[in-house]
Amino acid sequence: SSHAFYNIFFHPLRSIPGPLLWRMTKVPYDYYLFTGNLIPKIAELHRQYGPIVRTAPNDLSCTEAEAWEDVFAHHQGKAEWQKNPARQSNPPNGMPNILGADRENHARYRRLLAHAFSEKGLQEQRGTISHYVDLLIDRLRERARRGESTDMVEWYNMTLFDVIGDLAFGASFNSLQDRKQHEWIPAILGNVQSVVVASVFREYGMPWLNRWAVPRRMQQLRVRNFMYAKQKVVERAELGAARGDFWDRILIKSVDDNAGGEGMNQGEMLNNASVLVLGGSETSVTTLSGLTYFLLQNPEKMAMLVKEIRSSFKSDDEIDAFSVARLTYLSGALEETMRLYPPVPFPAARMPSQGEGTMCGLSVPEGVSVQMSQVGIGQRPDYFHLPEQFVPERWLDEPPPEFAGDNRSALQPFVVGTRNASRPRIGIEIRLTDMQCIGRNLAYAEMRLIVAKLLWHFDLEAAAGGVGDAWLQQKAWGLWSKKPLYVRLKDVAS
Ligand code: HEM
């Protein structure tokens, strides 16, 4: 059509490389998104066409480290680029959540949540976190005794969801206690998939196809979950402050359904609690599962990590959410995992805020979206020496000389910038400026604690048949569709 003709010959992006069909229409992009194969496909396009690729008539994909500064950071006088409002999905109750809110609401949410995600907030939450991690170890010990092979993805899911349920809803999912994944977990994860699939149908004017694409049971669970979450938030509000969770400070400012306007009303609480439950569990589960996989594939790295953990403490009770911060090899292993297997492979695309924007010296017209390819960045050989290898050492203060030239700040799994909100007060080092992910401290604390306790108590080996290279070949709809990861656990004490 004339549109496709315009897109190729007259469009302001006409000189940006990309496959012809992708530059003409959005169909190829949406096809790969729909089938769950977009992530490796985009990485392949970067290998073929370079660091900035036109992936649809109005879309660019980017693997340039400079873009973190140009697009996501705000400096004096320069605003960061905005999220494309057309691509934010709105919660069912019509109120915003932190991911899609406009600037003012976003800044209010960030202000209200700042305490819960500060070092002090983490102090208040540490007892809750330890409780569930210790329960995980007990449960795994039962399995080790019986010699059962164990799907670590499932057990990480149960643990992270139990913690986040407690912190974000005031009620655990009790999966660890019941030794069984709460039925809500697959429904929450399935919901993300259906939102992505639905967005494609909506775009092509066929929203009714959703009823066919999303299984009936999933649709029913979704409605049930919404009601359940709503009830939990009301119950949590009734409990008042001082539970040691995310809501203590917020509730003080939100009396009478936020009559004063400085807090959150119950609809906003519900929407943000839902973001926190998903954002605060799935991403860490992905990282922990990926790390487990890479360690099983690289026994000498596993041995290094086990040695670090077992030589850094005298007993189990010295291991807590704060003492684990000194485990530098573990930190390196987590970074390396997120490089090779980024938990949020496509952070929300951004577009210039007013008029055109400049990115890496290129002028980007209004209305054009830029998406960072995290997999593409992690695989760039000019950023990372031996990019396909799992090398935690490259993140150490003094890396082996051949890795000293790595561009470590190119890797930003938590995304730079906070959309113009007030700077969060965060105690630990931050790599570039502040981070889009408010939960970064909590994520590191939880992940380090789980790995440290796991490898303190158990030797891990792949269950019969091994894990194999195929584990990493996963589909993704926004988030990775993780395959099970079976291990055999041997209790070190017995
Ligand atoms: C390995 C773990 C994690 C990774 C890699 C990660 C990554 C990210 C990324 C990339 C974003 C930006 C999304 C976007 O705007 O497109 C984000 C936002 C967010 N994350 Fe995380 N996250 C992790 C863990 C957590 C945890 C533990 C929590 C909280 C319990 C959390 C809460 C949030 C929230 C509330 C936002 C929205 C912030 C805002 O828009 O201002 N995340 N995260």
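Visitor: How many bridges join strand 2 to strand 8?

Guide: This is a predicted model, in which local features need pLDDT of at least 70 and side-chain atom pairs count only at pLDDT 80 or more, while totals for chains, interfaces and linings use all residues. Residues are numbered from 1 along each chain as its sequence is written. Strand 2 (residues 59–62) and strand 8 run parallel, and two strands pair if DSSP finds at least two bridges between them. Strands (E, at least two residues) and helices (H or I, at least four) are DSSP runs, numbered from the N terminus, and the bridges that join strand 2 to strand 8 number 4.

Visitor: Which residue in strand 8 stands opposite Ser61?

Guide: In a regular strand the side chains alternate between the two faces of the sheet. In strand 8 (residues 369–372), Val370 and Met372 point one way. Ser369 and a further residue point the other way, and all are buried, that is, 20 or more other C-beta atoms lie within 10 Å of their own, whereas 12 or fewer would mean exposed and a number in between partly exposed, with C-beta atoms placed from the backbone. The residue opposite Ser61 is Gln371.

Visitor: Which strands stand at the edges of the open sheet of 3 strands?

Guide: The order of this antiparallel sheet is 4-12-9.

Visitor: Over how many bridges do strand 9 and strand 12 pair?

Guide: Strand 12 (residues 486–491) pairs with strand 4 (residues 150–151) over 2 bridges, where Asp151 has Tyr486 as its bridge partner. With strand 9 (residues 458–462) the pairing is again antiparallel; Leu460 stands opposite Leu489, and Asp459 stands opposite Lys490. The bridges between strand 9 and strand 12 number 5.

Visitor: What distance separates the centres of domain 1 and domain 2?

Guide: The domain bounds come from an automatic or database domain assignment. That assignment gives domain 1 as 2–72 + 348–375 and domain 2 as 109–344 + 413–491. Taken over C-alpha atoms, the centres are separated by 30 Å.

Visitor: Which helix gives the most to the side of domain 1 that touches domain 2?

Guide: Here 10 residues of domain 1 are in contact with 14 residues of domain 2, contact meaning that the C-beta atoms, placed from the backbone, lie within 7 Å. Helix 5 (66–72) and helix 19 (374–378) are among the elements that give two or more residues to this side of domain 1. The element that gives the most, with 3 residues, is helix 3.

Visitor: Which residues come nearest the ligand?

Guide: The shell around the ligand holds 25 residues, a residue counting as near if its C-beta atom, placed from the backbone, lies within 6 Å. Helix 15 (266–279), helix 16 (282–297) and helix 20 (440–457) each supply at least two of the shell residues. By class there are 16 nonpolar (Ala, Val, Leu, Ile, Met, Phe, Trp, Tyr, Cys and Pro), 2 charged (Asp, Glu, Lys and Arg) and 7 polar residues (the others, Gly among them). Those that come nearest are Gly280, Thr283, Ala348, Cys437 and Gly439.

Visitor: Is Asp257 buried, partly exposed or exposed?

Guide: Most residues other than glycine have a negative phi. Asp257, in helix 14 (residues 255–258), has a positive phi of about 50° although it is not a glycine. Because Asp257 has 13 C-beta neighbours inside 10 Å, the class is partly exposed.

Visitor: Where is Cys360 placed?

Guide: Cys360 also has a positive phi, near 50°. With 16 C-beta neighbours inside 10 Å, Cys360 counts as partly exposed. The place of Cys360 is the loop between strand 6 (357–359) and strand 7 (362–364).

Note on methods. Contact = placed C-beta atoms within 7 Å.
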